[in-house]
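Subject: Structure for you to look at

Hello,

Here is the structure I said I would pass on. Please open it first; my notes on it follow below.

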Amino acid sequence: MNHPTPTPAPVPAFELPGYVKRPMRTPAGLVGDTPVLWIGEPFTAAGHGFWAKLEGHNPGGIKDRAALYMVHAARERGQLRPGARIVESTSGTLGLGLALAGATFGHPVTVVTDPGMESLMSGLLGAHGAELDVVEVPHPTGGWQQARRHRVAELLAAYPDAWHPDQYDNPDNVAAYAPLAHELAAQLGRIDALVVSVGTGGHSAGIASVLRGVFPRMRVVGVDTTGSTIFGQPAAPRLMRGLGSSIHPRNVAYGLFDEVHWVAAPEAVWAARRLARDHYATGGWSVGAVALVARWLACALPAEARIVAVFPDGPQRYVGTVFDDTYCHAHGLLDHLPPDEPDEIAHPGERTVTRWTRCSRVIDPLAPGGLAKPTGASR
């Protein structure tokens with residue numbers, strides 16, 4: 001006797017929740033829509049805390065956004081021709097972003113760096129197809145940063161069709177971060193204070209300018225490193241990479257900042273390691289410095305204030321530095337419990353700072369009279 005074959009019930013199509021990313025056809029689709037995490041006690045005092053925007057969830061970090069945007073914009077304007085080489089100076093993170101952009105749009109990438117680049121970072125760049133060009137001698141006044149820029153100029157002369165993003169002065173490096181600002185506004189609804197590290201000036205200007213348009217009373221706190229010239233301190237050897245500068249990037253939007261903090265390397269290491277232990281969310285030099293300042297601000301402002309700190313990357317590239325005991329002992333970075341409050345100066349030119357210090361007077365050192373002390377300033 002023949003029995004009819006049962007017909008299976010139709011399987012309903014699975015519907016992804018709205019917050020789940022769809023499958024991506026290019027690696028560029030992996031960039032953006034990064035999470036926000038609450039950082040409270042034990043890193044902060046009980047009842048206080050801040051939100052951290054975890055840009056380490058991008059494939060290479062926060063500068064993936066800038067690299068993709070700058071490359072796309074240059075191609076649209078005809079400045080970067082199909083298949084032409086991209087040449088840029090970087091301490092690492094933008095290099096990963098440019099390698100991503102090169103793979104996405106079909107461009108070879110040359111990264112000009114210096115001996116301070118971590119071996120893990122140079123290995124990743126090579127694995128992703130970037131060519132490394134390492135300068136051997138620092139510039140006598142501009143340090144490694146200026147030496148790298150001189151080498152970029154030489155390579156551009158050697159490759160007439162090559163394109164230089166010029167992350168320090170390229171306005172596209174600022175415009176690239178508008179989507180990040182929009183993400184934060186949607187994720188948090190209200191933002192009372194923004195804490196951002198400053199290096200090229202791109203992400204601090206791009207995020208703060210957009211958010212100020214939405215939240216006009218928002219406080220903007222810049223975080224620099226000791227030894228950096230950005231906010232008017234004299235140049236000095238810098239161990240930290242990813243924030244600070246020995247030149248004056250024109251992308252820095254000085255008028256947006258309400259105050260600036262300089263953080264020393266041991267203080268950033270303490271904060272990065274405490275974050276790793278207490279919250280399983282951390283990063284390197286920039287993250288440690290930003291977190292230390294956000295921790296202080298969370299206690300200085302009312303408990304209901306909504307503070308966001310931008311964490312530019314994750315911990316992976318720092319396993320041989322910030323999170324390596326041998327390295328940290330060799331550079332005297334451990335066992336330095338930072339104070340609960342920063343030191344304060346009234347003017348960036350008041351004195352050279354060597355530890356965590358705050359200044360509510362923000363100036364452009366290259367503006368007329370920028371470094372002149374106000375009448376009555378301490379000497």
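How much space lies in the second largest pocket? The volume comes to about 340 Å³. Please keep in mind throughout that this is a predicted model.

**The second largest pocket**

The lining of the second largest pocket is made up of 19 residues. Pro-59, Gly-60, Gly-61, Leu-96 and Leu-124 are the ones that lie nearest its centre. Of the elements, α2 gives the most, with five residues. By class, the lining holds eight nonpolar, eight polar and three charged residues.

**The cavity**

Which residues line the largest cavity? They are His-48, Gly-49, Ala-298, Pro-302, Ala-303, Ala-305 and Ile-307. Five of these lining residues are nonpolar and two are polar, with no charged residue present.

**Helices α8 and α9**

Helix α8 covers residues 265-279 and helix α9 covers residues 285-300. Their axes come within 7 Å and cross at roughly 85 degrees. Angles of 65 to 115 degrees count as roughly perpendicular, and α8 and α9 are therefore roughly perpendicular to each other. On the α8 side, the contact is made by Ala-265, Glu-267, Ala-268, Val-269, Trp-270, Ala-271, Ala-272 and Leu-275. On the α9 side are Trp-285, Val-287, Gly-288, Ala-289, Ala-291, Leu-292 and Arg-295. The residues of this contact divide into 12 nonpolar, one polar and two charged.

**Helix α6**

Which residues of helix α6 (residues 178-188) are buried? The list is Ala-178, Leu-180, Ala-181, Glu-183, Leu-184, Ala-185 and Leu-188. An α-helix has 3.6 residues a turn, so residues three or four places apart point the same way. The buried residues of α6 pack against several elements. Among these partners are the strands β1 (36-39), β2 (50-54) and β9 (307-311). The helices α1 (63-77), α5 (172-175) and α7 (202-214) are partners as well. Just after α6 comes Gly-189, with a positive phi of about 80 degrees.

**The loop between α4 and α5**

Asp-166 lies in the loop between α4 and α5. Its phi is near 50 degrees, a positive value in a residue other than glycine. Gln-167 is found in the loop between α4 (143-158) and α5 too. Is Gln-167 buried or exposed? Its relative accessible area is 3%, under the 20% cut-off, so Gln-167 counts as buried. Leaving out residues up to four places away in sequence, Gln-167 touches Lys-63, Met-70, Glu-88, Ser-89, Thr-90, Leu-94, Asn-173, Thr-200 and Asn-251.

Asp-33 is in the segment before β1. Although Asp-33 is not a glycine, its phi is positive, at about 55 degrees. With a relative accessible area of 45%, Asp-33 is partly exposed.

Pro-42 is found in the loop between β1 and β2. The peptide bond that joins Glu-41 and Pro-42 is cis, with omega about 15 degrees. Ala-46 is found in the loop between β1 and β2 as well. Exposed means over 50% relative accessible area, so Ala-46, at 54%, counts as exposed. Ala-46 and Gly-332 are 286 residues apart in sequence, and in space they are 30 Å apart, C-alpha to C-alpha.

**The loop between α7 and β7**

Where does Arg-217 sit? Its place is in the loop between α7 and β7 (219-225). Arg-217 is exposed, with a relative accessible area of 83%. From Arg-217 to Asp-192 there are 25 residues in sequence, while in space the two are 7.2 Å apart, C-alpha to C-alpha.

Regards

Conventions:
Residues are numbered from 1 along each chain as its sequence is written. This is a predicted model: local features need pLDDT of at least 70, side-chain atom pairs count only at pLDDT 80 or more; totals for chains, interfaces and linings use all residues. Side-chain values use heavy atoms; hydrogens and water are left out. Axes are lines fitted to C-alpha atoms, for helices over the stretch in contact, and angles run from 0 to 180 degrees between N-to-C directions. Helices (H or I, at least four residues) and strands (E, at least two) are DSSP runs, numbered from the N terminus. Angles under 35 degrees count as roughly parallel, over 145 as roughly antiparallel, 65 to 115 as roughly perpendicular and the rest as oblique. Contact means heavy atoms within 4.5 Å. Ala, Val, Leu, Ile, Met, Phe, Trp, Tyr, Cys and Pro count as nonpolar, Asp, Glu, Lys and Arg as charged, and the others, Gly among them, as polar. Buried means under 20% relative accessible area, exposed over 50%, partly exposed in between (1.4 Å probe, protein chains only). On a 1 Å grid over the protein atoms alone, a cavity is a set of points where a 1.4 Å probe fits but cannot get out, and a pocket is an open set with protein on both sides within 12 Å along at least five of seven lines; lining residues have an atom within 4 Å of a point. Grid points are joined across faces, edges and corners, and a volume is the space filled by probe spheres set on the points.
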